[in-house]
Amino acid sequence: MIRKIIRIDKEKCNGCGACADACHEGAIDIIDGKAELVREHFCDGLGDCLPECPTGAISFEEREAPAYDEEAVKEAQKKVFAKNQAMSTHTGCPGSRSMQIQRFETPETIKSAPSVEQLSKLQNWPVQIKLAPVSAPYFNGAKLLIAADCTAYAYASFHQDFIRNKVTLIGCPKLDQVDYSEKLTAIIQNNNIQSVTIVRMEVPCCGGLEMAAKKALQNSGKFLPWQVITISIDGEILE
C-alpha cells in the first residue's frame, strides 16, 4: 500500500540514537553507526522521532510500504519489556543503562601499582572537538587521536597507551548532537596530520563518532593511516 512513512538520510545521520530511543514501536535500529528503518511495518507514520533528530536526517515520505501492524508491535514490545525486566529496570539506549562494575584489589595488585605520581601526557588544549581550532601549530606533523569522552574513564592506562605522543580531540555524539565530520574534515585538510586513531566505547551511540571520523577522512581527500579501537564498559580493549 502507499502510505506515509519516515525516511532517514544517512548522509546527515550522526548515529546518536535519539530517534531509536524516541520510537516506541521499535522500528529503528542503529546499524554500523547509522540509524536505519529496519521494520517498516512497525512505523506508524506519526513521526515521534522527527523532533528528536539533531541533524534533520529524518523526514516523511509517501511510498509503497507494508501496512502498520499494531499487533506485531505490541508483541515485540512485550518481548522487549520481558528482556529488560530480566536484565535490569532500564529501557532505552544501552549506553545509558546503569550498572555497577565490581573491582577487587589484592595485596599483589596494590604492591605492583607504580609508586611514582603519574604525569599527564596531554599536549594540546582545548580537547573538545566543538572548541578545537581548525588550525594550530600543534597539528603540524601530528598523530591525531579522536576519542569518545568516556574512554579515558573506562580505560585505566589511557594517557600512556593513547594520548602519549598524540594530539587529542574528544567528543560525545549522544550529548553534543552535532555533526563532527565538518570540523574534523577541516582539521585534516588544513594541517599536516600524519595518522588518525579513533577510540570509542562499545555502546551503539559511540558509532556516531567513528562514522564522523571516517567521513572526515574520506572528505578530506587525503590518504592517511587510521585505526579504530573499541573499549568495553569494564575497561578492556575489544578485538
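Is Ile-6 buried or exposed? At 4% relative accessibility, Ile-6 counts as buried, because the cut-off for buried is under 20%. Before I go on, please note that this is a predicted model.

Let me stay with Ile-6 for a moment. Ile-6 belongs to strand β1, which covers residues 2–8. If we set aside the neighbours within four places in sequence, the contacts of Ile-6 include Ile-28, Leu-37, Cys-43, Cys-49 and Phe-60. Asp-44 is 38 residues from Ile-6 in sequence, and the two C-alpha atoms are 9.0 Å apart in space.

Lys-4 lies over the face of Phe-60, 4.5 Å from the ring centre.

Next, the hairpin. Strand β2, residues 28–31, and strand β3, residues 34–37, run antiparallel and are joined by 4 bridges. Ile-30 has Ala-35 in β3 as its bridge partner. Between the two strands there are 2 residues, and in this hairpin Asp-32 takes a positive phi near 55°.

Last, the aromatic rings. How many aromatic pairs are there? The count comes to 3. In one of them, Phe-158 and Phe-162, the ring centres are 5.2 Å apart and the planes are at 50°, so the pair is tilted. These two residues are 4 apart in helix α5, residues 158–163, and so are separated by about one helical turn. Phe-158 and Phe-162 are both buried. Ring pairs also bring in Tyr-155, which forms a cluster with Phe-158 and Phe-162.

Definitions and conventions:
Residues are numbered from 1 along each chain as its sequence is written. This is a predicted model: local features need pLDDT of at least 70, side-chain atom pairs count only at pLDDT 80 or more; totals for chains, interfaces and linings use all residues. Side-chain values use heavy atoms; hydrogens and water are left out. Rings of Phe, Tyr and Trp (its six-membered ring) pair if their centres lie within 6.5 Å; planes under 30 degrees apart count as stacked, over 60 as edge-to-face and the rest as tilted. Buried means under 20% relative accessible area, exposed over 50%, partly exposed in between (1.4 Å probe, protein chains only). A charge sits over a ring if NZ of Lys or CZ of Arg is within 6 Å of the ring centre and within 35 degrees of the ring normal. Two strands pair if DSSP finds at least two bridges between them. Contact means heavy atoms within 4.5 Å.
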